[in-house]
Structure formats: structure tokens, C-alpha cells
Amino acid sequence: MEKTGLTPVPRLSLVESTINAIRSLIDQRVWKVGQCIPKEAELAEQLAVGRNTVREAIRVLSHSGMLEVRQGDGTYVRRELDPAQTVSKLNRSGLRDHIELQCLLESEAARFAARRRTTEDIARLKAALDARGEYTTDGDLDAFLDLDRNFHGAIATASHNEALQALYAYFSASIRSHTRSIFADAALPEPSLADHHAILAAIVAGDEEGAASAARNMLEPLIKTLDELLGTRPSNAKLLDRIGITFWK
């Protein structure tokens, strides 16, 4: 038989399979939030695994916050989504997916910052951008990425939306390795200092749409280049453009 060169699919342990089964049952709302799931022995029988396997799966899911173990009462569904699984998917996603998500976060953070920025926010943004400057290939890339992160973090702070700030803080840490590869790869167009000044100018002017557009313009050339390199631009993109649904410029 001819070898395909595909990577073998990893085998899941019984505990991992049990965790996935429980997640699936909750996702399908067989067990709803606030509902007590079957007892350990009953669950082991239903899933055809040992009680120790069920006990370990419940321990993992309770640690992640999806389940809640109430001593002497039972185990209850706390939330429908497993935060640990969501974070894991985010960390495993590829460069293009990360950049698309970054484009969404950056544009909305800039929009809210333009609406809500204070005098202190503007001063912080200007200082952060001055410190960031333009990247040079002979400079310290890690130090530059820290300065770049400070500027974008200041935009999230200026949005005065705590949930957005928390999400952006986690995301910017998660994407750091991808960001590093962008600046290290000459084939990929890194966001320029001029792009950043355009975002800042729109925020200072209180131009919400201009700020969101400037943030998108900063990243869309990178998305377009990745599509060209990876061949991932949808075949119906021209049709979407014609009817007014534009994802790339």
C-alpha cells in the first residue's frame, strides 16, 4: 500500500474519551446547567468504563469549572462550555485563524477606545506608541514585541470594557509566538508604524469607524498574503465582494 505521509491519529486514553463523552452529553443538553448528572457507578456503566476512569474525568471537568462536585449531594453541571477546552483550541489554532481573531479584537477595541478614551488614555497611548517606534531587523525582537503589546494593551484599556481587556490580555499572550514569526519572516508584511499612527489618530479624534477601519487595514494585508501563500482564499470571494460582503481588500 502506498504511504500517504499523513500523521497517525493519536489514540485517546479512556479518561480523555470519557471527558469527551461527558462534554458531548452536556453540549447536547442531555444534562442541562444546574442538573445533577448520574452517580459515579451508573455513569461508569452507561459509558462502559471503570469507576476510577469516571472519577478522574469528573475531577478534570470540575477543575476546569464545567462540573461542580457537591460532597454528599452529587455532581452538577456548572456551565455548558469547558473553558479549558476552549483555551486549548485557541492555543492550537493556526496563524491565519489567530490573525483573523486578532483583526476582530483590534478593530472593536479601537472602536470602543475612540468612543470612551479619556485624556489619560490618550497620553498613555501616545507614550506607548512613541516607545514602540518602528521595528528594525537588527533590533531586539522580543523587546519590540513587548512594546508593541503595551500599545495594543493600552487600546484595550481605553475601551473601558473589562471583559474585552481580559480577553485581549490572554489572547495577546497566546499569539506571541505567531507574532514573532510574522516579524521574523520577510515574506509576511508586518504592521507598520504608520498603521499604528492611523489607529491612534482616529482614537484621538473620537472617530469610531475610522479607528475600527484603521485596525482592520493594519492586518488585512497580512491575511491576504497568508491566503496567497496557503491558497486559502475562498473561490467565491469575488462573488462576495460583488454583493458587498468583503472580508479582504
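Reader: Leaving aside its neighbours within four places in sequence, what is Ala154 in contact with?

Author: Ala154 is in contact with Arg124 and Leu125 once those neighbours are set aside. Contact here means heavy atoms within 4.5 Å. Residues are numbered from 1 along each chain as its sequence is written, and side-chain values use heavy atoms, with hydrogens and water left out.

Reader: OK. Is Ala154 buried or exposed?

Author: Ala154 counts as buried because its relative accessibility is 6%. The cut-offs are under 20% relative accessible area for buried, over 50% for exposed, and partly exposed in between, with a 1.4 Å probe and protein chains only.

Reader: And which helix is Ala154 found in?

Author: Helix α7. Helices (H or I, at least four residues) and strands (E, at least two) are DSSP runs, numbered from the N terminus. The C-alpha atom of Ala154 is separated by 9.6 Å from that of Leu129, 25 residues apart along the chain.

Reader: How many helices and strands are there?

Author: The protein has 12 helices and 2 strands. Going from the N terminus, the order is α-α-α-β-β-α-α-α-α-α-α-α-α-α.

Reader: Switching to holes: how many cavities of 30 Å³ or more does the structure hold?

Author: There are 2 of them. A cavity is a set of points, on a 1 Å grid over the protein atoms alone, where a 1.4 Å probe fits but cannot get out; lining residues have an atom within 4 Å of a point. Grid points are joined across faces, edges and corners, and a volume is the space filled by probe spheres set on the points. The largest cavity comes to about 140 Å³.

Reader: Which element gives the most to the lining of the largest cavity?

Author: That's α7, with 4 residues. The lining residues include Glu106, Asp148, Arg149, His152 and Arg176. By class, this lining has 3 nonpolar, 4 polar and 4 charged residues. For those classes, Ala, Val, Leu, Ile, Met, Phe, Trp, Tyr, Cys and Pro count as nonpolar, Asp, Glu, Lys and Arg as charged, and the others, Gly among them, as polar.

Reader: What about the second largest cavity, what volume does it have?

Author: About 110 Å³. Of its 13 lining residues, the closest to the centre are Gln102, Thr179, Phe183, Pro191 and Leu219. Its lining has 7 nonpolar, 4 polar and 2 charged residues.

Reader: Cysteines next. How many disulfides does a search of the whole structure find?

Author: It finds 0 disulfides, going by pairs of cysteine sulfur atoms within 2.5 Å. Cys103 is buried, with a relative accessible area of 9%, while Cys36 counts as partly exposed at 28% relative accessibility.

Reader: Where does Val204 sit?

Author: Val204 is in helix α10, residues 193–205. With a relative accessible area of 30%, Val204 is partly exposed. Leaving aside neighbours within four places in sequence, Val204 is in contact with Arg117, Ile122 and Lys126.

Reader: Last one: what pLDDT does the protein average?

Author: The average is 84, and 85% of the residues score at least 70. pLDDT is the predictor's confidence in each residue, from 0 to 100. Over residues 234–249 the pLDDT is below 50. Where pLDDT is low, the predicted coordinates should not be read in detail.

Methods:
This is a predicted model: local features need pLDDT of at least 70, side-chain atom pairs count only at pLDDT 80 or more; totals for chains, interfaces and linings use all residues. On a 1 Å grid over the protein atoms alone, a cavity is a set of points where a 1.4 Å probe fits but cannot get out, and a pocket is an open set with protein on both sides within 12 Å along at least five of seven lines; lining residues have an atom within 4 Å of a point.
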